[in-house]
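Student: I have a model open and would like to go through it step by step. Can we start with the strands?

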Amino acid sequence: MKKQISILGSTGSIGRQTLDVIRSFPDRFRVRALTGHKNVAQLAQQVKEFKPELAVLTDTKSARELSQLLAGYSTRVLSGEEGLLAAAVCPGTDLLVTAVVGFAGLKPTLSAIDAGIDIALANKETLVAAGSIVTAKAAEKGVSIIPIDSEHSAIFQCLEGNNPKYLRRILLTASGGPFRNSSPEELIGVTPQEALRHPNWDMGAKITIDSASMMNKGLEVLEAHWLFNIPLSAIDVLVHPQSIVHSLVEFTDGSVLAQLGPPDMRLPILYALSYPERLPNSLAKLDLFGQELSFFPPDQVKFPCLAYAYEAGEVGGTLPAVVNAANEVAVAAFLREEIGFLTIPRVIRATMDLHQVLESPNLDDIFVADTWARQEAEGIIKAFMS
Ligand code: NAD
Ligand code: MG
């Protein structure tokens with residue numbers, strides 16, 4: 001029987017690579033629902049190739065255009081947030097790939113968990129903002145959350161077959177981004193084009209900027225904390241510029257296991273889709289001859305976002321959701337060239353400092369905190385611009 005897969009964010013970097021994997025295994029996987037935001041041509045082409053039951057564009061005008069393009073196809077077209085939520089719980093889905101970017105992924109992910117659908121999680125912001133709620137709901141519903149993020153896939157694989165009570169430490173690797181060797185002065189004038197040039201990975205714009213500021217690693221520390229139920233004090237970050245060792249785990253006896261592979265997201269995606277099986281495939285294989293592997297501590301002074309994420313995780317409550325929202329707003333402003341690269345951490349810090357943390361928030365509290373943080377961050381950006 002083919003595994004039935006739905007993808008939220010199929011027009012993005014992870015979404016397209018997921019379809020690439022599915023294309024290579026027509027006997028194993030079938031697509032049920034696909035979603036995008038505005039990219040009519042791309043989603044139309046995906047629908048024609050994969051013939052899902054449901055296709056959604058959250059932008060209403062674009063969804064209307066898609067409907068017209070797909071006249072004669074049996075795929076149902078929906079729009080807006082209702083459409084995204086319908087795709088998340090599309091009947092018959094065995095596994096939902098959550099590959100939308102940002103906080104927009106939270107509601108549909110929770111809906112799918114509520115419906116008992118297993119999650120292949122790329123959308124880390126969901127766990128950052130509402131990790132306690134999402135993991136509790138998954139435990140209650142018996143839903144598996146299988147990581148797609150390469151570091152978390154590595155940890156997941158290293159932990160397999162090992163009793164988690166023997167886990168001592170997680171060593172999360174980071175490429176260090178394009179500015180690893182830049183001086184603090186050089187960071188002042190960085191342009192979006194420079195920040196978007198990641199040395200090892202080809203990803204969506206938001207995560208590429210997050211990688212350059214090292215906020216991506218901060219978000220991943222929080223993601224690991226929730227996925228593997230491990231204290232933040234037992235998660236360390238190692239800068240590993242080659243992106244070959246995707247992460248490591250250290251056990252109580254001091255033994256360390258690592259997972260290695262070429263920097264190609266299709267490998268962790270394939271693993272999440274086929275878990276617990278391992279499928280032979282045509283992806284390029286790792287050749288270690290001549291391959292240097294080096295490791296450095298992160299520079300938390302040059303890249304303060306990493307420390308902010310740790311701090312938010314330690315304080316807990318609504319603070320991680322606030323940091324996530326402020327970061328989303330600041331990154332968008334940087335991409336619009338309204339603020340400089342170094343203003344991103346300043347916007348986050350200022351928003352954190354203004355926040356009255358609410359302990360043990362429910363879902364509504366998280367949404368209120370997210371909305372509050374977006375407004376505050378916008379105000380702070382305006383003040384920086386004037
Ligand atoms: P992307 O920007 O390339 O794609 C995002 C997708 O979400 C697109 O399909 C877009 O249409 C859709 N989208 C955007 N805004 C939306 C909204 N408000 N409502 C509904 N849909 C919306 O991003 P990406 O690089 O594929 O990243 C997706 C997620 O996966 C992020 O959370 C990212 O952190 C995570 N991730 C990505 C990579 C990678 O290699 N790209 C690696 C690890 C984790
Ligand atoms: Mg990652």
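Student: In which sense do β6 and strand β7 pair, and over how many bridges?

Tutor: Keep in mind that this model is predicted. Strand β7 covers residues 145-147. In it, I145 stands opposite I119. The pairing of β6 with β7 is parallel, over three bridges.

Student: What is the bridge partner of T98 in β6?

Tutor: Look at strand β5, residues 95-98, and strand β6, residues 118-121. They pair in the parallel sense over four bridges. From β5 the chain crosses through helix α5 (residues 106-114) to β6, and this crossover is right-handed. In β6, the partner of T98 is L121.

Student: Which residues are the protein donors of the magnesium ion (ligand 2)?

Tutor: Donor atoms lie 2.1 to 2.2 Å from the ion. In sequence, the donor residues follow the spacing D-x1-E-x68-E. They are D149 (OD), E151 (OE) and E220 (OE).

Student: Is D149 buried or exposed?

Tutor: Check the relative accessible area. Buried means under 20%. D149 has 8%, so D149 is buried.

Student: And why does E151 count as buried?

Tutor: Use the cut-off again: under 20% relative accessible area is buried. E151 counts as buried because its relative accessibility is 8%.

Note on methods: Residues are numbered from 1 along each chain as its sequence is written. Chains are lettered from A and ligands numbered from 1 in the order in which they are written. This is a predicted model: local features need pLDDT of at least 70, side-chain atom pairs count only at pLDDT 80 or more; totals for chains, interfaces and linings use all residues. Side-chain values use heavy atoms; hydrogens and water are left out. Two strands pair if DSSP finds at least two bridges between them. Helices (H or I, at least four residues) and strands (E, at least two) are DSSP runs, numbered from the N terminus. A crossover is right-handed if, with the strands pointing away from the viewer, the path from the first strand over the helix to the second runs clockwise. Donors are N, O and S atoms within 2.8 Å of the metal (3.2 Å for Na, K and Ca); water is not among the atoms, so sites may look incomplete. Buried means under 20% relative accessible area, exposed over 50%, partly exposed in between (1.4 Å probe, protein chains only).
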